[in-house]
Amino acid sequence: LFEQSNSTTGYEFSELKAWLLSKLLWNPNLDVNKEIREFTERYYGAASQAILDYIGALETALKETESKLWIYEHPVVHQNDLFSADRMEWYKQLFDQAEQAVQNEPVYLNHVRVARLPIQYAAMEIAVNQLFSERGWYQLRDDGKTIPNAALQNTLEQFEKTCQQNQVPTINE
């Protein structure tokens, strides 16, 4: 038996994947949906339903678009299907709901913000590609100082803060 997953916080649902893999190694006949629900309730608290809705939205998008995913693909490849403007807005709303549900619970809020990192990364990369391809996430001021691109500044600051707080070593594979 060979199983593999990411062991580092910040990769898309790495904690959930580790939970499922370990559970399935003991019992390959488990009800996976039940296990996912149990994990999200324990790990995300009151935000669990919004997280489950996000996972469901991604699964639906994959089925509807028949998109094929590859581990080293850039998010821009899917800006017209999995990451279309309408879907990205829906994903954003789900994570906003999740954060709102646990806004006064720092541990759960951090878990939600870490889960949000991959879709934030995709959103920023797509925005950079569509709007700021010549400048990227950062802009160079006349004095030579680098500053965050103004249009992405809030998202980028939250992204960086969450990565630093959780010692996320890389943003893509």
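## Basis of the description

The model is predicted, so local features need pLDDT of at least 70 and side-chain atom pairs count only at pLDDT 80 or more, while totals for chains, interfaces and linings use all residues. Residues are numbered from 1 along each chain as its sequence is written, and side-chain values use heavy atoms, with hydrogens and water left out.

Helices are DSSP runs (H or I, at least four residues), numbered from the N terminus. Axes are lines fitted to C-alpha atoms, for helices over the stretch in contact, and angles run from 0 to 180 degrees between N-to-C directions.

## Helix 1 and helix 2

Helix 1 (residues 14-26) and helix 2 cross at roughly 135°, and their axes come within 10 Å. The two helices are therefore oblique to each other; angles under 35 degrees count as roughly parallel, over 145 as roughly antiparallel, 65 to 115 as roughly perpendicular and the rest as oblique. Their crossing is right-handed, that is, the near helix is turned clockwise from the far one by less than a right angle.

Contact (heavy atoms within 4.5 Å) joins E15, L16, W19, L20, K23 and L24 of helix 1 to V32, E35, I36, E38, F39, R42 and Y43 of helix 2. These residues comprise 8 nonpolar, no polar and 5 charged. Here Ala, Val, Leu, Ile, Met, Phe, Trp, Tyr, Cys and Pro count as nonpolar, Asp, Glu, Lys and Arg as charged, and the others, Gly among them, as polar.

## Helix 2 and helix 3

Helix 2 (residues 32-44) packs against helix 3 at an angle of about 135°, with the axes 8 Å apart. This angle makes helix 2 oblique to helix 3, and the crossing is right-handed. Helix 2 contributes I36, R37, T40, E41 and Y44 to the contact, and helix 3 contributes S48, Q49, I51 and L52. By class there are 4 nonpolar, 3 polar and 2 charged residues.

## Helix 3 and helix 4

Between helix 3 (residues 48-65) and helix 4 (residues 85-101) the packing angle is about 165°, and the axes lie 8 Å apart. The pair is therefore roughly antiparallel. Helix 3 passes helix 4 in a left-handed crossing.

On the helix 3 side, A50, I51, D53, Y54, A57, L58, A61, E64 and T65 take part; they meet R87, W90, Y91, L94, F95, Q97 and A98 of helix 4. This contact has 11 nonpolar, 2 polar and 3 charged residues.

## The second largest pocket

Lining the second largest pocket are 21 residues, with M88, K92, I119, A123 and T155 nearest its centre. Helix 4, helix 5 (106-131) and helix 6 (153-165) each give two or more residues to this lining, and helix 5 gives the most, with 8 residues. The lining divides into 10 nonpolar, 7 polar and 4 charged residues.

A pocket is, on a 1 Å grid over the protein atoms alone, an open set of points where a 1.4 Å probe fits, with protein on both sides within 12 Å along at least five of seven lines; lining residues have an atom within 4 Å of a point.
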